[in-house]
Amino acid sequence: MTDQTYCDRLVQDTPFLTGQGRLSEQQVDRIILQLNRYYPQILTNKEAEKFRNPKASLRVRLCDLLSHLQQRGERHCQEFYRALYIHAQPLHSHLPSRCTQNSDCRELDWGSKSHELSDRGPMSFLAGLGLAAGLALLLYCCPPDPKVLPGTRRILAFSPVIIDRHVSRYLLAFLADDLARF
């Protein structure tokens, strides 16, 4: 499939590119601006305004742009891929036409992939939450006896140096009662 033209690749990649959440509004605008402003100028000013019209939905504008480029020819499709590489490189590397050429692509459909904040899983989150809740409960329920947690008072006394001045007022007011006893 190495003899595939850019127009053929664009036909193959169009359903992928127009999928929900693939390209953001800003990325599409940057691609259109590149095709309009940089050499070689692929889109005229009137065409660029048409494809950047905020009244039309992003998917409709993108479909219109891709069909317009397919009608215009090979050079226009090639410049689109160049702009896509510049402004959306991760998406460019996962295009179906590239994955058929390169067998190292692992996943074609990003829509089914879950987006997690951490790769460690939910048990790690629950363990951290439990630790934080346990420490908060320990500090809340612990008697204010300085013999129980002697290092805690010292750490809290020096923390206003690091923390912003608005927060330090509250910490100093909290510690004023405890430091007065020493």
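1. Arginine 75 has a relative accessibility of 43% and therefore counts as partly exposed; the class lies between buried, under 20% relative accessible area, and exposed, over 50% (1.4 Å probe, protein chains only). Its salt-bridge partner is glutamate 79, with 3.5 Å from N to O. A salt bridge here is a side-chain nitrogen of Lys or Arg within 4 Å of a carboxyl oxygen of Asp or Glu. Glutamate 79 is buried, because its relative accessible area is 7%. The two residues are four positions apart in helix α5, so about one helical turn separates arginine 75 from glutamate 79.

2. A note on the basis of these values. The model is predicted, so local features require pLDDT of at least 70 and side-chain atom pairs count only at pLDDT 80 or more, while totals for chains, interfaces and linings use all residues. Residues are numbered from 1 along each chain as its sequence is written, and side-chain values use heavy atoms, with hydrogens and water left out.

3. The protein has ten helices and zero strands. Helices (H or I, at least four residues) and strands (E, at least two) are DSSP runs, numbered from the N terminus. Starting at the N terminus, the order of elements is α-α-α-α-α-α-α-α-α-α. Of the 182 residues in the protein, 29% are buried.

4. Six salt bridges are found in the whole structure. One of them joins glutamate 25 to arginine 61, whose closest N and O atoms are 2.4 Å apart. Glutamate 25 belongs to helix α2 and arginine 61 to helix α4 (residues 58-72), and the pair links distant parts of the chain, 36 residues apart. How accessible is glutamate 25? Its relative accessibility is 34%, so glutamate 25 counts as partly exposed. Arginine 61, by contrast, is buried, because its relative accessible area is 2%.

5. Arginine 61 has a further salt-bridge partner in aspartate 29, with 3.7 Å between the closest N and O atoms. Aspartate 29 is in helix α2 and arginine 61 in helix α4, so this pair ties together parts that lie 32 residues apart in sequence. Aspartate 29 and arginine 61 are both buried. Which residues make up the network of salt bridges? The network links Glu25, Asp29, Arg52 and Arg61.

6. Helix α5 (residues 74-87) packs with helix α2 (residues 25-37) at an angle of about 135°, the axes being 9 Å apart. This angle makes α2 oblique to α5. The axes are lines fitted to C-alpha atoms, for helices over the stretch in contact, and angles run from 0 to 180 degrees between N-to-C directions. Oblique covers what remains after roughly parallel (under 35 degrees), roughly antiparallel (over 145) and roughly perpendicular (65 to 115). The crossing of α2 and α5 is right-handed; a crossing has this hand if the near helix is turned clockwise from the far one by less than a right angle, and is left-handed if anticlockwise.

7. Helix α5 also packs with helix α1 (residues 6-17), at an angle of about 50° and with the axes 9 Å apart. Here too the term applies: α1 is oblique to α5. The hand of the α1 and α5 crossing is left-handed.

8. Tyrosine 6 is in helix α1 and is partly exposed, because its relative accessible area is 28%. Its C-alpha atom is 8.8 Å from that of glycine 73, a residue 67 residues apart along the chain. Leucine 17 is also placed in helix α1, but its relative accessibility is 1%, so leucine 17 counts as buried. The C-alpha atoms of leucine 17 and cysteine 63 are 8.9 Å apart, across 46 residues of chain.

9. Leucine 58 is part of helix α4. Its relative accessibility of 22% makes leucine 58 partly exposed. Between the C-alpha atoms of leucine 58 and valine 28 there are 8.2 Å, and the two are 30 residues apart along the chain.

10. Met123, Phe125, Leu126 and Leu129 make a nonpolar surface patch of about 470 Å². Patch members have over 30% relative accessible area and no salt bridge; nonpolar side chains (Val, Leu, Ile, Met, Phe, Trp, Tyr) are joined within 5 Å, like charges within 9 Å. Areas come from the Shrake-Rupley method with a 1.4 Å probe, and for residues only the protein chains shown count as cover. Leucine 126 is located in helix α8 (residues 122-141). With a relative accessible area of 47%, leucine 126 is partly exposed.
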